[in-house]
Amino acid sequence: MLDDSQLLTVTDLKQYAYCPRVVYYERCLPHIRPRTYMMDAGKDAHEHEQDRAARRTITRYDTAEGERRFNVPLVSRPLGLRGLLDEVVFTPDGKAIPVDYKLATSAGNNHRIQLAAYALLLEADSLYRVEYGYLYLIPTRKLVKVMITPKLRDVTQTMLHQAQTMIALEQMPPPVDRVGQCAACEFRRFCNDV
Ligand code: SF4
């Protein structure tokens, strides 16, 4: 049986949405990953942001009341997934509202999938239901509301199964066809076919 460290992480899933090959490198060839400036900067920004978030009024999250928790660990063995959620609001009427802080100026599709993955984990782990969540863009201090629709759930679950299968079979996926993305990728030197 897999231990928790072997479960796919929500961050893996976000990376998979960006480029499946990044997850292949990290999971199947984990020794090659360099530690980047952005990783350290992201960690510092998240820690700083939690102090600021604690002062935000809860009505910013479209709810009149609720209990806020920060740095919430989530794990589901049936999903084969784990993650650490920046913030979650539990409302008295049984809803959970995940909030994910991003060191980005706009919300990408991979960020939406990451938020949906947190929603799946929250529902798997409790009796709470998730209808929507937020991406908090740190550089602009903007909250972006994301509806956790059936379609977004389906896309996220499909991607989760694909990523788990890729890792289990250790199959290197094809490169992405977005040239600009590869130019900025930290794994560029390992991809000789782009
Ligand atoms: S260089 Fe391109 S194909 Fe290779 S891992 Fe990075 S984004 Fe993916």
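A residue counts as buried if 20 or more other C-beta atoms lie within 10 Å of its own, exposed if 12 or fewer, and partly exposed in between, with C-beta atoms placed from the backbone. The model described here is predicted: local features need pLDDT of at least 70, side-chain atom pairs count only at pLDDT 80 or more, and totals for chains, interfaces and linings use all residues. Numbering starts from 1 along each chain as its sequence is written.

**The whole protein**

The protein has 6 helices and 6 strands. Helices (H or I, at least four residues) and strands (E, at least two) are DSSP runs, numbered from the N terminus. Their order along the sequence is β-α-α-α-β-β-β-α-β-β-α-α. The radius of gyration is close to the globule-rule value for 194 residues, so the protein is as compact as a globular protein of that length. That radius is taken over C-alpha atoms, and the rule is 2.2 Å times the number of residues to the power 0.38.

| Quantity | Value |
|---|---|
| Radius of gyration of the protein | 17 Å |
| Box filled by the C-alpha atoms, along the principal axes | roughly 55 × 35 × 30 Å |

Buried residues make up 28% of the 194 residues. Two residues are in contact if their C-beta atoms, placed from the backbone, lie within 7 Å. Of the contacts with a separation of 6 or more, 64% join residues 24 or more positions apart.

**Pro139**

Pro139 sits in the loop between strand E5 (132–137) and strand E6 (142–147). Pro139 is exposed because it has 11 C-beta neighbours inside 10 Å. Leaving aside neighbours within four places in sequence, Pro139 contacts Leu103 and Thr105. Ser106 is 33 residues from Pro139 along the chain, and their C-alpha atoms are 9.5 Å apart.
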